[in-house]
Amino acid sequence: MVATIVASLPSFLLASSVAHSSSTSSLIFNKLRSSSRLRFSFAVAPLCSRRAKFMAHTLASANLGLTQPANVENPKIAFAAKEIDVGEWKGDMLAVGVTEKDMTKDENSKFQNSILKKLDRLLGGLLAEVSSEEDFTGKSGQSTVLRLPGLGSKRVGLMGLGQSASSPSAFRGLGEAVAAAAKTAQANSVAVVLASSEGLSNESKLGIASAIASGAVLGIHEDNRYKSESKKPQLKSLDILGLGTGPELEKKLKYAEDVSSAIVFGRELVNSPANVLTPAALAEEASKIASSYSDVISANILTAEQCKELKMGSYLGVAAASDNPPYFIHLCYKPLSGPIKAKLALVGKGLTFDSGGYNIKTGPGCSIDVMKIDMGGSAAVLGSAKALGQIKPPGVEVHFIVASCENMISGTGMRPGDILTASNGKTIEVNNTDAEGRLTLADALVYACNQGVEKVKPNDAHPIVDLATLTGACIVALGPSIAGVFTPSDELAKEVFEASEISGEKFWRMPLEESYWESMKSGVADMVNTGGRPGGAITAALFLKQFVDEKVQWMHIDLAGPVWNEKKRIATGFGVSTLVEW
């Protein structure tokens, strides 16, 4: 009996080697375009075959709940760097970044800061008067917007920077505050100026302007794709005053735009619910990146059958329970021209939903309702791929790798006590099905090592960084806003931490205490997949280390905390800016 099935499937499947011949069955693919998607027909015999089951699972992944994200175009802000007197600028709102020191007044309650003194004079003393009445002192997070006559701008906003402002995160916060104020005021055109910019180096000015621009893009972004109604932000242009002009600054602003759009992309991936962002949908998004930047990025999407051929038993063990099939994503960035100085790999955990498996997540604090975020590592990796596709840095080849799947419960799923065999031959006794992310990363890391990531010259950049929402233990240790870093390489740690100082993201290096490995030993296999509660983030990192070639420099980043803003219930896009900067 031969069954013929016609279905709309992700277009990346057409680029993958998914046809397998045997004496009992054959697959015939016909490319048919319908709307903007590819459709194809195939015959399967018999339906009970493994291949038929696989394709049936693909068809079964039709959207649960009939939810589709609206096609919302993210707003674009036109940035410009200008040297113009603040009193002459014309637009909807002039925002002034002020420290507590800038707000100091003399015995006559007049500003001592030159820019604030000038604005106050043009406004007939109203700025000093109103700031006192509003009890605005310049503390971090404070802001006040005044509609006062006397200037070319319709409004003047004072944005607090705290006692001093020197970090990228402070100026990114300024950009976000300006975007929020612009939204409230429905401002179309805004300018930003620092009350105190004297003595800043050219490099500092470039960094400050970039951080303000990045903050504005991120601040104006609202993920309204799943809301029935939403308002579009009005902000169209933002002028940065007093920090210089010229092509170098313009290039820096363009870089900030590219990275920020990639952060937004990462946020939206994590925000997407699991009934929309299935492993197939995540692979589709990766494929779109390769299509959009095909001059520098290529895609190879592997199916479950192909992963089986590569002996990825650890990854496939996690994926076995779900009706949504796994997809192994491999993007590769190669520059347009010039020599390759280093080959690197970024590996991201890609669990589009984690139920915990048979060790199901239950009870207060289990966070099963937000387990869509368990692909936060892959969002950072794919966001970085998008940014590199736009920026096109020379001299480096980068592999972006995600073993995407769901961790569900069914009769076909892995059980506690099962033994899995990873692609490097090592065996793992599963003593907890809810420690699944490391099982998928095991095969992804082996695959990454096989891509030839290496130093081309002794002092060139270095190879594999994995990112994962791996352990609650790391959140207990470092809180919700700091990622844990584990690496045997001081050199690699130095490079990534230097990048994080520029990005403003927070990382903290944790120990790889080898003696803790004792708790990971199994009586019947090479290892178990989780130790006891003490040092849980450390033992998880030690587990991953078993799947990295000793000759390869490696870093594990546990971003379980900072990937999600619990207060706002939205994703942060954490990791993208640091990875791109690195």
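Two strands pair if DSSP finds at least two bridges between them. Keep that in mind on this tour of a predicted model.

**Stop 1: strand β13**

Select residues 396-407, which form strand β13. Is this strand buried or exposed? 12 of its 12 residues are buried, so β13 is largely enclosed by the rest of the structure. Now color its two faces. On one side sit Val396, Val398, Phe400, Val402, Ser404 and Glu406. On the other are Glu397, His399, Ile401, Ala403, Cys405 and Asn407. Both faces are covered.

Select residues 327-333 for strand β11, which pairs with β13 in the antiparallel sense over 7 bridges. Find Tyr327 and look for its bridge partner in β13, Ser404.

Then select residues 342-354 for strand β12. β12 and β13 run parallel and are joined by 12 bridges. Leu351 stands opposite Cys405 in β13. Follow the chain from β12 to β13: the path goes through helix α10, residues 376-391. This β-α-β crossover is right-handed.

**Stop 2: the sheet of 6 strands**

Move to another part of the model. Here an open sheet of 6 strands runs in the order β4-β9-β8-β5-β7-β6. Its pairing is mixed. Which strands lie at the edges? Select 78-82 for β4 and 143-146 for β6; each pairs on one side only. From one strand to the next, the twist averages 20°.

Zoom in on β8, residues 189-194, and β9, residues 237-241. These two pair in the parallel sense over 5 bridges. Ser189 has Ser237 in β9 as its bridge partner.

**Stop 3: helices across the sheet**

Show helix α4, residues 168-185. This helix lies across β5, β6, β7, β8 and β9. Its direction is at about 145° to β8.

Now show α2. This helix lies across β5 (91-98), β7 (153-160) and β8. Relative to β5, α2 runs at about 140°.

**Stop 4**

Two packed helices are described by the angle between their axes and the distance between the axes.

Which residues meet here? From α2, select Leu116, Leu119 and Asp120. From α3, select Leu126, Leu127 and Ala128. By class, this contact has 5 nonpolar, no polar and 1 charged residues.

**Stop 5: Ala216**

Select Ala216, in helix α5, residues 202-220. Why does Ala216 count as buried? Its relative accessible area is 0%, and buried means under 20%.

Leaving out residues up to four places away in sequence, Ala216 touches Ile77, Phe79, Gly175, Glu176, Ala179 and Leu238. Show those side by side with Ala216. Ala216 and Glu257 are 41 residues apart in sequence, and their C-alpha atoms are 9.6 Å apart in space.

**Stop 6: the sheet of 3 strands**

End at an open sheet of 3 strands, ordered β14-β15-β20, with mixed pairing. Select the edge strands, β14 (419-421) and β20 (527-528), each of which pairs on one side only. Then select residues 427-429 for strand β15. β14 and β15 pair in the antiparallel sense over 3 bridges. Thr421 has Thr427 in β15 as its bridge partner.

Definitions and conventions:
Residues are numbered from 1 along each chain as its sequence is written. This is a predicted model: local features need pLDDT of at least 70, side-chain atom pairs count only at pLDDT 80 or more; totals for chains, interfaces and linings use all residues. Side-chain values use heavy atoms; hydrogens and water are left out. Contact means heavy atoms within 4.5 Å. Helices (H or I, at least four residues) and strands (E, at least two) are DSSP runs, numbered from the N terminus. Ala, Val, Leu, Ile, Met, Phe, Trp, Tyr, Cys and Pro count as nonpolar, Asp, Glu, Lys and Arg as charged, and the others, Gly among them, as polar. Buried means under 20% relative accessible area, exposed over 50%, partly exposed in between (1.4 Å probe, protein chains only). A crossover is right-handed if, with the strands pointing away from the viewer, the path from the first strand over the helix to the second runs clockwise. Axes are lines fitted to C-alpha atoms, for helices over the stretch in contact, and angles run from 0 to 180 degrees between N-to-C directions.
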